[in-house]
Amino acid sequence: MIVNAGRAYPSTGGSYGSITLSGDSMDFDSTAVINAGTNTVILEPQTTGGTVAILGTGGVSGTLDLTNAELNRVTAATLDIGATSSGPISVVAAVTLPGNTNVVLSSGAPIFFNGGSFSTGGTLTLVPGVG
């Protein structure tokens, strides 16, 4: 999935609802905006068991790979990354989100912090599976 230059989601004005983006890869252009207002944005793998990596650099083949820069293009009260049907989540770089964003990391497998961290003005909730 590519979130294109100059596109904003939602693309029209009015009330904002929750936004779900599903893909085994995502590439947010440097001018993309995803705005759910006071609602939730969910970024999840499309494939059951798909892995999630929060690396800071991007480019891991076969993994929903999200960078700090991409996550900072999302405005929402809650940012939910992964799903209870997804594979492991690895956080291997520092993520700093603006404002009071609550973050939920959801997985059907373990959640690993391999040198990574989340800094957010809201809460960080971990929902790991077993494995």
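Entry 1. Surface patch. I began with a working definition: a patch is made of residues with over 30% relative accessible area and no salt bridge, and nonpolar side chains are joined within 5 Å. I was reading a predicted model. Under that definition I found that F113, L124 and L126 form a nonpolar patch on the surface. Together these residues have about 230 Å² of accessible area. I then looked up L124, which sits in strand β16, residues 124-127. L124 has 35% relative accessibility, so I recorded it as partly exposed, since that class lies between 20% and 50%.

Entry 2. Overall make-up. I noted one helix and 16 strands in the protein. Of the 131 residues, 40% are buried. I looked up the accessible surface, which comes to about 6100 Å², and carbon and sulfur atoms account for 52% of it. I also checked contacts between residues at least 6 apart in sequence: 47% of them join residues at least 24 apart.

Entry 3. Nonpolar core. I asked which residues have the most contacts inside the largest nonpolar core. They are V41, L43, L71, I81, L105 and F118, in a core of 25 residues. The elements that give two or more residues to this core are β3 (19-22), β6, β7 (52-54), β8 (64-66), β10 (78-82), β11 (89-91) and β13. I kept a general remark beside this: in soluble globular proteins, nonpolar side chains tend to be buried together.

Entry 4. I81. Leaving aside neighbours within four places in sequence, I81 is in contact with L43, V52, I54, L66, L71, I89, V104, L105, S106 and F118. L43, L71, L105 and F118 are also listed with I81 among the residues with the most contacts inside the core.

Entry 5. T101. Is T101 buried or exposed? I recorded T101 as buried, because its relative accessible area is 10%, and the cut-off for buried is under 20%. T101 is found in the loop between β12 (94-96) and β13 (102-106). The side chain of T101 reaches the backbone oxygen of P98 at 3.3 Å. Beyond residues up to four places away in sequence, T101 touches A76, A77, L79, T120, G121, G122 and T123.

Entry 6. G37. I turned to another loop, the one between β5 (33-35) and β6 (40-44), where G37 lies. G37 has a relative accessible area of 23% and is therefore partly exposed. I looked up the separation of the C-alpha atoms of G37 and G17, which is 7.5 Å. These two residues are 20 residues apart along the chain.

How values were computed:
Residues are numbered from 1 along each chain as its sequence is written. This is a predicted model: local features need pLDDT of at least 70, side-chain atom pairs count only at pLDDT 80 or more; totals for chains, interfaces and linings use all residues. Side-chain values use heavy atoms; hydrogens and water are left out. Helices (H or I, at least four residues) and strands (E, at least two) are DSSP runs, numbered from the N terminus. Buried means under 20% relative accessible area, exposed over 50%, partly exposed in between (1.4 Å probe, protein chains only). Contact means heavy atoms within 4.5 Å. Accessible areas come from the Shrake-Rupley method with a 1.4 Å probe; for residues, only the protein chains shown count as cover. Patches are made of residues with over 30% relative accessible area and no salt bridge: like charges are joined within 9 Å, nonpolar side chains (Val, Leu, Ile, Met, Phe, Trp, Tyr) within 5 Å. A salt bridge is a side-chain nitrogen of Lys or Arg within 4 Å of a carboxyl oxygen of Asp or Glu. A polar contact is a pair of N or O atoms within 3.5 Å; within protein, one must be able to donate a hydrogen and the other to accept it, and residues adjacent in sequence count only if both atoms are side-chain atoms. A nonpolar core is a set of buried Ala, Val, Leu, Ile, Met, Phe, Trp, Tyr and Cys residues joined through side-chain atoms within 4.5 Å.
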